[in-house]
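Student: Could we go through this model together, taking each term we use and checking it against its definition?

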Amino acid sequence: MSSRDISPASDGESAAPQARDIFTTRLGVIAATLGSAVGLGNIWKFPSMTGQNGGAAFVLVYVLATLLVGLPVMISEHAIGRRGRADAIGSLRKLAPNTSWWLVGAIGVLAAFSIMAFYTEVAGWVFAYIATAIGSMFQGASGALASTDPTTTTAVFTKLVTNPWLSLMLQWVVLAWVGAIILAGVSKGIERMTKRLLPLLFVLLVVVGIRSLTLPGSGEGLRFLFRPDFSAITPAVVLAAVGLSFFKLSVGMGTMITYGSYFREDQNIPATATRVMLADLLVSMLAGIAIFPAVFAFGFEPTAGPSLLFITIPAVFASMPGGSFFLVLFFVLAAIAATGAMLSLAEVPVAYLNEQLGWSRKKATLATMVLLALVGSTAALSNSVLADFKPFGKTMFDLFDFGSSNVMLPIGGIFICLFVGWRWSYPELKKVLSNDGALRNERFIAAFRGVVKFVSPVAVLVVLLSGLGLLG
Ligand code: PHE
């Protein structure tokens, strides 16, 4: 018997009409959905991209993209999922039978694999850094990460990523960890885990943020984060910001369709999505506040890019009193964040195999993890064995990263908007988003419909074409 056969609706309130395993509480929905959104995107991508693309101006474009595109797509996906009550492909099949709309879900499954391929590797580095940071804490000044000199921390990082077997093994550890939670099911695995871990993440982030802000000279970092300079903004940077807004909110690829299908019937979709979006922004800002003031206070460069987390941050923490302890906290919080996101990524193919092909949850999880290990190995080895293998001039790691955020998610997002904006009739949309008239949010729905019909798809298309240099 698969865990989906267990009905969670024992509290008398109407939940799913079918006996699917769904999120059992409203808080659980928020925890799981926010757990999906919050991830390495906040702690690794957002700060490094902000650092590379001119600070506050990039943040502004990113926030705008989140409001105009990310949030509407998230609401659309939740609506599709709860209406379809199936995995991403299954939901679209049910809602638009005998059409090609299910392909949007299929691209989503592909995107889930692309993202997981590099994400599991970065998560593996985070896991490894927890161990190294704990070691350093006890070794004092001679610890591997105790140096304030970035060349030393660079050496630690290089040694890690260029070791092929270690890279693969770290990825397998991460996959086993994610697989074990997924196996426990939607409510007993994902919901329970994210409900426990998220509060811890907030507390850790606030603690590290306070430490960073109380350093002398931290004001420079805050100015960097909040005072815009628009000269760094190019079409490619705008595309990167839009791509980040998709990646951040886990939209454009069916994750939120899948999670929406686990929502209760009485869940207020627009309110839930808005809360998740705001909380996710808050986490990114907190991560920025934890990182940039410290970076500036100790005279490091904010432009390090993806290595900011693994090279600059350890050096920064080594420069502050009590730093080795805060470094451990920092990587623990990164691992927590990565876990919730990976659960939602893996759930997309697992739900598909489970529901469309009728595989047991166990078989679906195992197959997904094995396939992810195979696909992911090309990303894991792209700093060692496959370093010179560069299709389209990018390593496999970079290709998975760029291709998913800057191509697949925006394309998926456009089609999801078109589906909800054009394929659904207005009465149908109203029914879904107002919980059958129980919520009085008619004005919101009218405005929302205008946005997903015209504003978001056109904006994403223009940004996509110009960002890829296709508009001439
Ligand atoms: N939102 C996650 C993060 O910021 C990544 C993610 C993307 C998760 C797409 C699921 C789907 O880390």
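Student: Why are α4 and α5 called roughly antiparallel to each other?

Tutor: In this predicted model, helix α4 (residues 88-95) and helix α5 (residues 102-139) pack at an angle of about 175°, with their axes 7 Å apart. Angles under 35 degrees count as roughly parallel, over 145 as roughly antiparallel, 65 to 115 as roughly perpendicular and the rest as oblique, and α4 and α5 are therefore roughly antiparallel. The axes are lines fitted to C-alpha atoms over the stretch in contact, and the angle, from 0 to 180 degrees, is taken between N-to-C directions. Local features need pLDDT of at least 70, side-chain atom pairs count only at pLDDT 80 or more, and totals for chains, interfaces and linings use all residues. Residues are numbered from 1 along each chain as its sequence is written, and side-chain values use heavy atoms, with hydrogens and water left out.

Student: Which residues of α4 and α5 meet?

Tutor: A88, I89, L92 and R93 of α4 meet W102, V104, G105, A106 and V109 of α5, where contact means heavy atoms within 4.5 Å. By class, this contact of α4 with α5 has 7 nonpolar residues, 1 polar and 1 charged; Ala, Val, Leu, Ile, Met, Phe, Trp, Tyr, Cys and Pro count as nonpolar, Asp, Glu, Lys and Arg as charged, and the others, Gly among them, as polar.

Student: What makes α15 and α16 roughly perpendicular to each other?

Tutor: Helix α15 (residues 361-380) packs against α16 at an angle of about 115°, with the axes 6 Å apart, and α15 and α16 are therefore roughly perpendicular. Their contact is made by V375, T378 and A379 of α15 together with M396, F397 and F400 of α16.

Student: How is α16 oriented towards α18?

Tutor: Helix α16 (residues 396-423) and helix α18 (residues 442-467) pack at an angle of about 155°, with their axes 9 Å apart. That makes α16 roughly antiparallel to α18. The residues of this contact of α16 with α18 divide into 15 nonpolar, 3 polar and 2 charged.

Student: Which residues come nearest to the ligand?

Tutor: There are 16 residues around the ligand, and of these A37, G41, Y119, F247 and K248 come nearest; a residue is near a molecule if one of its heavy atoms lies within 4 Å of it.

Methods. Helix = DSSP H or I, 4+ residues; strand = E, 2+ residues; numbered from the N terminus.
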